[in-house]
Amino acid sequence: MALQGLVDWRGRPVNQKRHGGVKASMFIHFLIVMANIANIPMILNLVSYLHGTMHMGVKDASTTSTNFFGAICFFSFLGAFVSDSYIKRFYTILIFAPIEIMGYVLLAFQAHLPSLHPPPCDMINRPNECAPVSGRNLSLLTLGLYLIPVGEGSLRSCAAALGGDQFDGDDPAELHGKISFFNWFAFCISLGGFVGLVFLVWVQDNEGWGLSFALAAIMVLVGTVVVSGGLPFYRHQKPTGSPLARIFQVFVAAFRKRKLSLPENVTEMHVATDSTGTSVEFMQRTSDFKFLDKAAVDDGDTRGRSLCTVTQVEEAKIILRMLPIFLSSVLGNVSIPLLLSLTVQQGGTMDTRLGGTSIPPASLFIVPIVFQMLILVAYDRAALPWLRRATGYAGGVTHLQRVGVGFASSVMALAVAAVVEGCRRRSAASAGAPPMSVFWLTPQFFLLGVMDVTSFVGLLEFFYSEASAGMKSIGGAIVFCILGVASWLGSFLIQVVNHATARQGGGHGWLDGANLNASRLDLFYWLLAVFALVSFFLYLLCAWRYTYRHDPRMQAAVDGDKVSPA
């Protein structure tokens, strides 16, 4: 991205040597680590709190937890829209981070004060004697739970875009740093999750949820204070007005002018941008979606907002081009949260001993996170320079190729999981046979790590780089929206499969009951593998048909300290 439209904190043009770069991105990486120390244990262990402390039923607790994660993804659009339209990304973070902190503080008070939550009882042996949270306490719980997504969702989308703003993709000297930023962004998410699952989960189990929520609030506060210290070093993208309004205007104007003929000469179309002030980026007219080009034709209509610029039209075209990638990526991600959660349930039925110590099943979430961190470091430090030399691409591979590797890994992970589960069921059915070791799950955990490293980072890079300069935050929010929609579809898929197999199996579905040995998780894994394979080929079709805004082979490739044309 060129430095046009970027300013320092005082509104002056940026100094490339003083502002941006790795120095500025380190503050953002620190914020991501601290926020995810608080957030990831919350996402993964929320059901335990709602069921064990607030005495919700399993169904209500699971639904609330799923809605909590979905709300984070939804509110990422809120922060992205605000930062792209009206307020700089940095100030959007400063506005929404205290909202997240307030949510954790409310939950901390509720968990600590006995009058604000139901009295303790035995939810395992005597659940009928336990009164679930209700009334004002339920309202307080809901308020605290949904203040956190308002802040966290905005922080996620704005932090990714703010970090991308610190590197100029058109400058070969900064291109390497920009490519690495998103790798280390994902590494910091994993690092924060690792620390949180080791430290905060221990606090939850041994010291109580009140202290855990309080520490989570402190983590986000410290991250916000540190990222504020980087203010003098940041490059800030000036807001360009509502991108959604600009795109909606294009569709309305194109519909009004649908009977007009397109001029042969592009100079007869409205190309001005400076007078409108709606964009910091000038885009040339492209040949696809010609019906939208009519929005930029001056037909003499004097009604307000009836004439769009070519740049506005191109912004709308970008959204339409990315839509098939978005939809196919949602389908490609459906199986991942299911595989992760079901693998942990598998581990709970296996031999979890490591030497003389038993590993709690909830701690198995740490295993794929460790693999993700190791793979990210190996990819960025070793594989990426080699791939760059071998392929000529500045990023080693294109963004969509990287995502495709992740989806292929998910197919293999599901197939491996199905084979391992089949072996585990046969071992459990054999009288006197010792349970399988939990370390048989290592291959699928490894493939899950590969999938996350490639697909998540690839999608983040893709939507950020392909979005126009006025939609960078929304580009990052789209990735989290993909994860949220995929999670909801996964929950729906479980219900559909259970209902269908229960009708065929005399009332017992593949995933019914608490006994995994009586279920057919292996068959469900095979079904997911087929679903993932079909989704993979659909994604390949969409990726093959996609045309990048900037040809990756035309970008400058960085090889160590040398710069050579790709």
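Which residues does Thr224 touch, not counting residues up to four places away in sequence? Leaving those neighbours out, Thr224 touches Leu31, Leu94 and Ala97. Keep in mind as you read on that this is a predicted model.

**The chain as a whole**

- The chain has 566 residues, and 53% of them count as buried.
- Take the contacts between residues at least 6 apart in sequence: 81% of these join residues at least 24 apart.

- Thr224 has a relative accessibility of 10%, so it counts as buried, since the cut-off for buried is under 20%.
- Gln444 sits in helix 13, residues 442-466, and with 0% relative accessibility Gln444 is buried too.
- Setting aside neighbours within four places in sequence, Gln444 is in contact with Leu339, Thr343, Gln346, Ala413, Val416, Ala417 and Val420.
- Gly21 belongs to helix 1, residues 21-52, and Gly21 is also buried, at 15% relative accessibility.
- Now try finding Gly21 and Gly164 in the 3D view: they are 143 residues apart in sequence, and their C-alpha atoms are 9.5 Å apart in space.
- If you skip residues up to four places away in sequence, Gly21 touches Gln166 and Phe167.

**Two helices side by side**

- Here's the general idea: a pair of packed helices is described by the angle between their axes and the distance between the axes.
- Helix 9 (residues 310-333) and helix 15 (residues 521-545) have axes that come within 8 Å and cross at roughly 165°.
- Angles over 145 degrees count as roughly antiparallel, and therefore helix 9 and helix 15 are roughly antiparallel to each other.
- The crossing of helix 9 and helix 15 is left-handed.
- On the helix 9 side, the contact is made by Pro324, Ile325, Ser328, Ser329, Leu331 and Gly332.
- On the helix 15 side, Phe531, Ser535, Leu538, Tyr539, Cys542 and Ala543 make the contact.
- What kinds of residues are these, nonpolar, polar or charged? The contact of helix 9 with helix 15 has 8 nonpolar residues, 4 polar ones and no charged ones.

- As a rule, most residues other than glycine have a negative phi.
- Phe289 is not a glycine, yet Phe289 has a positive phi of about 50°.
- Where is Phe289? Look in the loop between helix 7 (243-256) and helix 8 (290-293).
- Phe289 comes out as partly exposed, with 29% relative accessibility.

- Take Cys73: the nearest cysteine sulfur is that of Cys481, 7.1 Å away, and Cys73 is in no disulfide.
- Is Cys73 buried or exposed? Cys73 counts as buried, at 4% relative accessibility.
- Cys158 is buried as well, with a relative accessible area of 0%.

Conventions: Residues are numbered from 1 along each chain as its sequence is written. This is a predicted model: local features need pLDDT of at least 70, side-chain atom pairs count only at pLDDT 80 or more; totals for chains, interfaces and linings use all residues. Side-chain values use heavy atoms; hydrogens and water are left out. A disulfide is a pair of cysteine sulfur atoms within 2.5 Å. Buried means under 20% relative accessible area, exposed over 50%, partly exposed in between (1.4 Å probe, protein chains only). Axes are lines fitted to C-alpha atoms, for helices over the stretch in contact, and angles run from 0 to 180 degrees between N-to-C directions. Helices (H or I, at least four residues) and strands (E, at least two) are DSSP runs, numbered from the N terminus. Angles under 35 degrees count as roughly parallel, over 145 as roughly antiparallel, 65 to 115 as roughly perpendicular and the rest as oblique. A crossing is left-handed if the near helix is turned anticlockwise from the far one by less than a right angle, and right-handed if clockwise. Contact means heavy atoms within 4.5 Å. Ala, Val, Leu, Ile, Met, Phe, Trp, Tyr, Cys and Pro count as nonpolar, Asp, Glu, Lys and Arg as charged, and the others, Gly among them, as polar.
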